[in-house]
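Visitor: I am new to this structure and would like to learn how to read it, one feature at a time. Could we look at it together?

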Amino acid sequence: MQRKSFLVGAVCAGVLALSGQVAHAQAWPNKPVKIVVPFPAGGATDVISRALGQRLAAELGQTFVIDNKPGAASAIGAELVARSPADGYTLLMATSSSLVNNRFLYKKLSYDPDGFELISLVCVTPLVLVANTSLPGDNVSSIVQYAKANPGKVNYASYGTGTISHLATALVAQRSGVSMAHVPYKGASEALPALMGGHVSLYTDTIVSSVALIKDGKIKPIGVTTAKRTAILPNVPTIAEQGLPGFDMVPWYGVVAPKGTPKEVVERLRVAMAKVVQSPEFVAELAKTGAEPPSGGFGPAEFAALMKSEITKTAALMKDAGIEPQ
């Protein structure tokens, strides 16, 4: 009799727990949702996150707040989200840095890069290698020649050690056989002023952040990192065209939630995001900044497949660039 009562109690508890989860999912979101951006305001990740947050707010009828938490190659923001309650009210705008690169950068990472619920990819943004206007040359070959003839005079910025910004320029240097010092910053909002001020010679940036400065003549474009030229800068050749065949590095952006977020909440957010990120209006809005839809699709399965591919590729890049875990 006691065992029967115990089983009945356990079943009732399970039903109540499930009912609670369903009720939570149906009520979500009943308060503002935070999207943590692990880079400073003004950069590509911030611009894309704000555009997404506005669309999600309209779709779900709740405010989406952008919370910038830069530093440690996005690890600070990623750790904050990983340690947040798994209730759907704290999300991360993840990048290759937070989910892929950091696993190779740190011997002991403060969060598990596999410890998130993958919701949806948002977009990819071509990178562009840009230079201070006083640096001699306007293509990869001439800059490499100058750097070889003037050891120690050419350095380059990135928006964080081990980020794709760092790896892309390091790969150009490695494949060109030239030595250049790396100067890491916390984001584009720091790196671009340093470039314009002449504190660094080169910087690989997202087109989102640098296109206006390029068009104003404040920095000069050297080459884009994609396999094909990008529509927003059609006259800028690819790096692959300039003697480095096969060069193709593109950062991606995707939204994730803390591990254990209720499946019903994850699904509701996934459906809302699928509607937003594939809408012609959102795609057109991002196209103005150079961002593009991911070629392989948006959903969790496509997200997971992209991560698997990126982990393999990045492991080789980190080794070639001589980047050791700290």
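Guide: Let us begin with accessibility: a residue is called buried when its relative accessible area is under 20%, exposed when it is over 50%, and partly exposed in between, using a 1.4 Å probe and protein chains only. Please keep in mind that this is a predicted model, in which local features need pLDDT of at least 70, side-chain atom pairs count only at pLDDT 80 or more, and totals for chains, interfaces and linings use all residues. Residues are numbered from 1 along each chain as its sequence is written, and side-chain values use heavy atoms, with hydrogens and water left out.

Visitor: Is Ala72 buried, exposed or partly exposed?

Guide: Ala72 counts as partly exposed, because its relative accessibility is 38%. Ala73, by contrast, counts as buried, because its relative accessibility is 10%.

Visitor: Where do Ala72 and Ala73 lie?

Guide: Helices (H or I, at least four residues) and strands (E, at least two) are DSSP runs, numbered from the N terminus. Ala72 lies in the loop between β2 (64–68) and α3 (75–82), and Ala73 has its place in the loop between β2 and α3 as well.

Visitor: What should I look for in the backbone angles?

Guide: Most residues other than glycine have a negative phi, and most peptide bonds are trans. Ala72 has a positive phi of about 55 degrees although it is not a glycine, and phi of Ala73 is also positive, near 55 degrees. A cis peptide bond, with omega of about -5 degrees, joins Trp28 and Pro29, and Pro29 lies in the loop between α1 (2–27) and β1 (33–37).

Visitor: How should I read the length of a helix, taking α2 as the case?

Guide: The expected span of a helix is 1.5 Å times one less than its number of residues. Helix α2, with 17 residues, reaches 24 Å from its first C-alpha to its last, which is close to the 24 Å expected at 1.5 Å a residue. Just after α2, Gly61 takes a positive phi of about 70 degrees.

Visitor: Which residues of α2 are buried?

Guide: They are Ala44, Thr45, Asp46, Ile48, Ser49, Ala51, Leu52, Gly53, Leu56 and Leu60. Ser49, which sits in helix α2 (residues 44–60), counts as buried because its relative accessibility is 0%.

Visitor: What does Ser49 touch?

Guide: Contact means heavy atoms within 4.5 Å. Leaving aside residues up to four places away in sequence, Ser49 touches Val37, Ile66 and Met93.

Visitor: Which residues does Thr289 touch, and where does Thr289 lie?

Guide: Thr289 lies in the loop between α10 (280–287) and α11 (300–320) and is buried, because its relative accessible area is 17%. Not counting residues up to four places away in sequence, Thr289 touches Val47, Ile207, Val208 and Ile232. A polar atom of the side chain of Thr289 also lies 2.7 Å from the backbone oxygen of Leu286.

Visitor: What volume does the largest pocket have?

Guide: The largest pocket has a volume of about 460 Å³. Of the 21 residues that line the largest pocket, the closest to its centre are Val124, Val250, Pro294, Ser295 and Gly296. Helix α11 gives the most to the lining of the largest pocket, with four residues.

Conventions:
Polar contact = N/O pair within 3.5 Å; in protein donor to acceptor, adjacent residues only side chain to side chain. 1 Å grid on protein atoms, 1.4 Å probe; cavity = no way out; pocket = protein on both sides within 12 Å on 5 of 7 lines; lining within 4 Å. Points joined across faces, edges and corners; volume = space filled by probe spheres on them.
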